[in-house]
Amino acid sequence: LPRTVSGIQATSDSLHLGNFIGALQQFVAHQESHDAFYFIANMHAITVEQDPTDLRERTLRTAAQFIAAGLDPEKSTIFVQSQVPAHPQLSWVLECTTSMGEASRMTQFKDKSAKQEHVSLGLLTYPALMAADILLYNPQMVPVGEDQRQHLELTRNLAERFNYRFGETFVVPEAQILKATAKIYDLQNPGAKMSKSLPSPQGRIDLLDDAKSLTKKIKSAVTDDGKEIAYDPQAKPGVSNLLTIYSSLTSRPVDDIVADYEGKMYGHLKVDLAEIAVESLAPVRERTEELLQDRAQLQAILDAGAAKANEIAEVTLRDVYDKVGFV
Ligand code: AQP
């Protein structure tokens, strides 16, 4: 089977709909056709200030949401990044392969460092760790959202550079960024991507939101001038975003949905979408809570995942260490 790898940061109690549609739903689909490795990125989560108790809790909650959303530990290897030491070990070599210019050009670094009073070195070197997260497993394909495109490009460049300098070592992976769902936008500000670090949580739908707040958020989503329900991200970013969400939660093409709403008002679309969101996310929320009742079981799944990940990652790491001349 071809291999795939991806991860999600443990930076909040609940993943949001952008993570779910842009990443997690793809993860679930690819576990059928790939040797799949999915991790909870707890090491990336400490590039900005964090609380240890929260991080521990969020790591387990993120794992529970992976499984609740449909990842099957029998099909996918699910693990926690910090339980596989080869990630930071390879990262050091890749940091030494990356130039300062490349790292500081990353838009995520520029955005996040502008928001921080104290900018950690880890925020700058983050993309080298992300390259290590990926290259250790030699995947053919990495499913991510649009915001990770630049990091994936760097990962490919680092793989090629290392291969050129030290001989064929890494598979150069392709980013799998689905055009239709790669960027889910903030419901209150459809010019910005839906994100964990939003000023107004009203614009972000959390997977673990209850029915009442889900409905409220969707009903108060910002729509556009005019009345017609049409998919036009330039002229109608708000409505188009709702249509994208509708389409991915129902697996129906956007055009079909638009046809259904001919002559109807924005309000109709919102009422229906709120119902659909409640129906699709309630089981994920309930299953997450159930899984969190048995933390020993969850930890056992993660330990088994880490054991499998370590086996593969260590082989790549040993090869790299040998090639760079570490005795
Ligand atoms: N709005 C989005 N639409 C589509 N995909 C998205 N992803 C994130 N936001 C959207 C994808 O989710 C995966 C995990 O991303 P992450 O762990 O890097 O989460 P994040 O980027 O930290 O999430 P946020 O919400 O964007 O947090 P902040 O604002 O704190 O950085 C990735 O594949 C990502 O593309």
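The centres of domain 1 and domain 2, taken over C-alpha atoms, are separated by 30 Å. The domain assignment gives domain 1 as 3-177 + 294-324 and domain 2 as 201-289; such bounds come from an automatic or database domain assignment. The model is predicted: local features need pLDDT of at least 70, side-chain atom pairs count only at pLDDT 80 or more, and totals for chains, interfaces and linings use all residues. Residues are numbered from 1 along each chain as its sequence is written.

Twelve residues from domain 1 and ten residues from domain 2 make up the contact. Two residues are in contact if their C-beta atoms, placed from the backbone, lie within 7 Å. On the side of domain 1 that touches domain 2, α1 and α2 are the elements that give two or more residues. Helices (H or I, at least four residues) and strands (E, at least two) are DSSP runs, numbered from the N terminus. The largest share of this side, four residues, comes from α1. Its residues divide into seven nonpolar, four polar and one charged. Here Ala, Val, Leu, Ile, Met, Phe, Trp, Tyr, Cys and Pro count as nonpolar, Asp, Glu, Lys and Arg as charged, and the others, Gly among them, as polar.

Helix α11 (residues 266-293) has 28 residues and should span 40 Å at 1.5 Å a residue. The expected span is 1.5 Å times one less than the number of residues. The end C-alpha atoms are 40 Å apart, which agrees. The helix bends by about 30° at L281, the angle being taken between axes fitted to the seven residues ending there and the seven starting there. A proline, P283, follows within four residues. The buried residues of α11 (20 or more other C-beta atoms within 10 Å) are L269, L273, A277, L281, V284, R285, T288 and L291. They pack against α2 (52-68), α8 (211-219), α9 (237-250) and α12 (295-324).

D224 is found in the loop between α8 and α9. With 16 other C-beta atoms within 10 Å, D224 is partly exposed, a class between buried and exposed (12 or fewer). Beyond its neighbours within four places in sequence, D224 is in contact with K236, P237, G238 and V239.
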